[in-house]
Amino acid sequence: MLLLSYMIVNFHAKKLFLARVISRTMSADKSVFLKKLGSYLKGVREEKGITTTQMSRLMLMDSGNYTRIESGKTNPTAHTLKKFAAVLDMSLSELLRNFD
């Protein structure tokens with residue numbers, strides 16, 4: 001019985017450890033992804049010759065919130081990405097076609 005209790009406790013400790021490792025990895029991956037997405041969106045905007053102020057106004061968005069998207073500090077919603085594409089006169093699939 002004591003061995004079984006030890007095995008159960010050990011199993012849960014390993015499970016908790018793996019969950020923490022996975023969580024940290026996913027968080028790091030998300031951060032890298034958001035920075036890459038923001039940089040990509042900034043490049044597309046700049047190719048169109050639009051300033052951040054103009055873009056935030058066209059998207060009816062606070063300029064600080066818009067800047068956080070381009071700097072990779074916030075995760076834009078699908079709706080926000082769709083507005084981004086619409087302002088640039090593109091479809092969402094066109095916008096994201098070259099991302100990655």
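I began with burial: of the 100 residues of the chain, 24% count as buried, that is, under 20% relative accessible area, with exposed over 50% and partly exposed in between (1.4 Å probe, protein chains only). I note that this is a predicted model, in which local features need pLDDT of at least 70, side-chain atom pairs count only at pLDDT 80 or more, and totals for chains, interfaces and linings use all residues. Residues are numbered from 1 along each chain as its sequence is written, and side-chain values use heavy atoms, with hydrogens and water left out.

I next looked up the secondary structure. The chain has five helices and zero strands; helices (H or I, at least four residues) and strands (E, at least two) are DSSP runs, numbered from the N terminus.

Of its 16 residues, Leu41, Met55, Phe84 and Leu95 touch the most other members. Helices α1, α3 (63–70) and α4 (78–87) each supply at least two residues of this core, and α1 gives the largest share, four residues.

Leaving aside neighbours within four places in sequence, Met55 is in contact (heavy atoms within 4.5 Å) with Arg45, Ile50, Tyr66, Phe84, Val87 and Leu88.

Lastly, I checked Gly43, which lies in helix α1 (residues 2–47). Gly43 counts as partly exposed because its relative accessibility is 25%. Gly43 and Glu70 are 27 residues apart in sequence, and their C-alpha atoms are 9.3 Å apart in space.

Technical notes
A nonpolar core is a set of buried Ala, Val, Leu, Ile, Met, Phe, Trp, Tyr and Cys residues joined through side-chain atoms within 4.5 Å.
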